[in-house]
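Dear colleague,

I am handing over the structure we spoke about, and I would be glad if you could look through it with the notes below beside you.

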Amino acid sequence: MFVAHWSEIVLAFAAVAAASPNRPGPPASPGWPGSPGHGNGVKVLLTNDDGWAELNIRAQNDALIAAGYNVVLSAPAENKSGTGSSTATPTVLNQTCEFNTCPVGSPPTGFNASNPRLNYVNAYPVDSARFGIQKLAPKFFWSKPDLVFSGFNVGSNLGPVIQISGTVGAACEAAKEGVPSIAFSAASGDQLSYTTLANKTAPSTLAARLYSALGIKFVDALLSSHSHGPILPPNVTVNVNYPATNASVCSQEKDFKYIFTRVLPDAGAVDVKTCGGTTLPDETTVVETLGAGCYVSVSVFNATTKADVNAETQEFVLRKLGKLLTCLPK
Ligand SMILES: *[C@@H]1O[C@H](CO)[C@@H](O)[C@H](O)[C@H]1NC(C)=O
Ligand SMILES: *[C@@H]1O[C@H](CO)[C@@H](O)[C@H](O)[C@H]1NC(C)=O
Ligand SMILES: *[C@@H]1O[C@H](CO)[C@@H](O)[C@H](O)[C@H]1NC(C)=O
Ligand SMILES: *[C@@H]1O[C@H](CO)[C@@H](O)[C@H](O)[C@H]1NC(C)=O
Ligand SMILES: *[C@@H]1O[C@H](CO)[C@@H](O)[C@H](O)[C@H]1NC(C)=O
Ligand SMILES: *[C@@H]1O[C@H](CO)[C@@H](O)[C@H](O)[C@H]1NC(C)=O
Ligand SMILES: *[C@@H]1O[C@H](CO)[C@@H](O)[C@H](O)[C@H]1NC(C)=O
């Protein structure tokens with residue numbers, strides 16, 4: 001089975017080499033089935049730090065496509081958890097891609113020959129986002145992506161941890177390149193191969209499908225806003241964290257509530273006015289301490305410093321999200 005994948009990948013490179021220079025270019029959205037969902041063909045570049053062949057990113061890819069988004073996946077060839085904003089020039093594989101999905105000696109970047117929208121980059125999450133924006137988007141979208149969706153990550157990225165998160169690093173890179181982005185992370189789930197998704201009753205599959213649906217709900221809300229102008233303010237990004245899920249607690253999409261938060265606790269902060277106050281709760285408290293409430297944290301932060309932003313910038317995003325957000329009980 002893996003041998004088949006390898007030969008597919010090798011064949012794909014041959015095809016590209018033959019088709020390359022000076023060809024007029026592909027149709028606007030090759031391979032995009034154009035499903036009439038709410039995603040409405042919005043161009044999404046999907047990345048992560050857990051690797052291109054990991055089940056959660058593939059579940060999110062499935063969910064975005066099913067919702068009508070036009071998706072290209074560009075993610076690290078290996079598990080690159082915890083690599084923050086590290087960057088390097090992609091190199092030839094000196095080991096197999098994660099879960100044996102490409103052989104030693106594979107090129108620095110590559111794709112699945114049966115589905116060229118599934119791409120690996122043998123470097124860091126930042127490099128995967130950059131390759132997706134600069135090289136893949138012109139090929140598949142004929143433009144920049146409308147949105148970079150990073151994650152969701154296996155494991156929370158809350159508070160100071162966002163400084164070392166590769167999921168967050170990739171989202172920040174996109175924002176710095178002028179592409180609106182969101183980093184998503186989840187408290188439950190497992191970093192397993194995408195082939196696990198074939199088992200529809202495995203707990204990791206159930207968690208992956210549920211969190212993927214929560215990601216769609218968030219992106220739908222962000223994009224359906226009636227306000228005009230950019231999707232997000234420049235040079236900022238959004239950190240979304242899902243609480244734990246299992247068969248008995250926070251087990252369905254409707255159980256989850258999205259709460260507007262700040263990255264770091266600061267009792268003296270003057271944040272956007274919402275839920276009857278001007279100091280937002282911090283994301284760690286909301287997701288971990290109040291986890292049984294099934295609260296999803298939503299924090300806006302500076303893509304350069306990864307610090308909280310001012311009230312005006314928070315307000316822009318708060319308005320975009322509109323009715324998605326609810327308040328903590330008093
Ligand atoms: C991925 O890398 C992180 C950081 O090195 C590590 O903690 C985690 O266990 C790795 N995951 C797998 C499935 O190897
Ligand atoms: C394999 O390549 C990685 C970079 O992709 C490098 O960090 C590592 O040292 C290499 N390992 C060996 C054994 O050459
Ligand atoms: C490549 O795509 C084919 C067809 O969708 C799929 O069967 C195969 O599992 C994929 N392999 C990888 C590594 O993505
Ligand atoms: C699927 O996952 C369930 C729950 O973990 C497990 O009991 C079952 O054996 C798995 N089925 C297959 C075919 O691996
Ligand atoms: C984002 O910040 C960089 C400096 O870090 C600046 O050069 C760039 O103009 C900013 N982009 C926008 C759209 O404001
Ligand atoms: C991000 O932080 C830097 C350094 O403090 C600042 O110059 C910049 O204006 C901030 N950007 C945003 C969008 O808040
Ligand atoms: C689900 O999580 C809750 C809260 O952590 C825990 O009390 C409960 O035992 C878990 N249930 C299952 C079926 O794992």
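What follows is an account of what was found in it, beginning with the overall fold and ending with the ligands.

Please keep in mind throughout that this is a predicted model. The protein comprises seven helices and nine strands, and buried residues account for 48% of its 330 residues. When contacts between residues at least 6 apart in sequence are considered, 75% of them join residues at least 24 apart.

The sheet

The nine strands make up an open sheet with mixed pairing, in the order β3-β4-β2-β1-β5-β6-β7-β9-β8. At its edges stand β3 and β8 (257–261), each with a single partner strand, so that one side of each has no neighbour in the sheet. From one strand to the next, the twist averages 25°.

Two of the pairings can be described in more detail. Strand β3 (residues 109–112) runs antiparallel to strand β4 (residues 115–121), and four bridges join them; the two strands form a hairpin with two residues between them, and Phe111 stands opposite Asn119 in β4. The pairing of β5 with β6, by contrast, is parallel and extends over five bridges, with Val148 opposite Ser181 in β6.

Helix α3 packs on this sheet, where it touches β1, β2 (70–76), β3, β4 and β5, and its direction makes about 145° with that of β2. Helix α4 also packs on the sheet, touching β1, β5, β6 and β7, and its direction makes about 170° with that of β6.

Helix α4

This helix deserves a separate paragraph. Ten of the eleven residues of α4 (residues 166–176) are buried, so the helix is largely enclosed by the rest of the structure. The buried residues are Gly166, Thr167, Val168, Gly169, Ala170, Ala171, Cys172, Glu173, Ala174 and Ala175, a list that includes the charged residue Glu173. Their cover includes β1 (43–47), α3 (125–140), β5 (147–154), β6 (181–186) and β7 (236–242). Just after the helix, Gly178 adopts a positive phi of about 85°.

The nonpolar core

The largest nonpolar core has 86 residues, and the members that touch the most other members are Val44, Leu46, Ala171 and Val296. Helix α5 (residues 203–224) gives the most to this core, contributing nine residues. As for Val44, its contacts, with neighbours within four places in sequence left aside, are Leu64, Tyr69, Asn70, Val71, Pro145, Asp146, Leu147 and Phe149. Ala171, for its part, is one of the buried residues of α4.

Which side of the cut-off for burial do Leu222 and Leu318 fall on, buried or partly exposed? Leu222, which lies in helix α5, has 20 other C-beta atoms within 10 Å and is therefore buried, since a residue is buried if 20 or more lie within that distance. Leu318, placed in helix α7 (residues 311–321), has 19 other C-beta atoms within 10 Å and is therefore partly exposed.

The ligands

Finally, there are the surroundings of two ligands to report. Around ligand 6 are Asn235, Val236, Asn302, Thr304, Thr305, Val309 and Thr313, a shell that divides into two nonpolar, five polar and no charged residues. Ligand 7 has Asn246, Ala247, Ser248 and Val249 around it, and the residues of this shell comprise two nonpolar, two polar and no charged.

With best regards

Notes. Residues are numbered from 1 along each chain as its sequence is written. Chains are lettered from A and ligands numbered from 1 in the order in which they are written. This is a predicted model: local features need pLDDT of at least 70, side-chain atom pairs count only at pLDDT 80 or more; totals for chains, interfaces and linings use all residues. A residue is near a molecule or strand if its C-beta atom, placed from the backbone, lies within 6 Å of it. A residue is buried if 20 or more other C-beta atoms lie within 10 Å of its own, exposed if 12 or fewer, and partly exposed in between; C-beta atoms are placed from the backbone. Two residues are in contact if their C-beta atoms, placed from the backbone, lie within 7 Å. A nonpolar core is a set of buried Ala, Val, Leu, Ile, Met, Phe, Trp, Tyr and Cys residues joined through C-beta atoms within 7 Å. Two strands pair if DSSP finds at least two bridges between them. Axes are lines fitted to C-alpha atoms, for helices over the stretch in contact, and angles run from 0 to 180 degrees between N-to-C directions.
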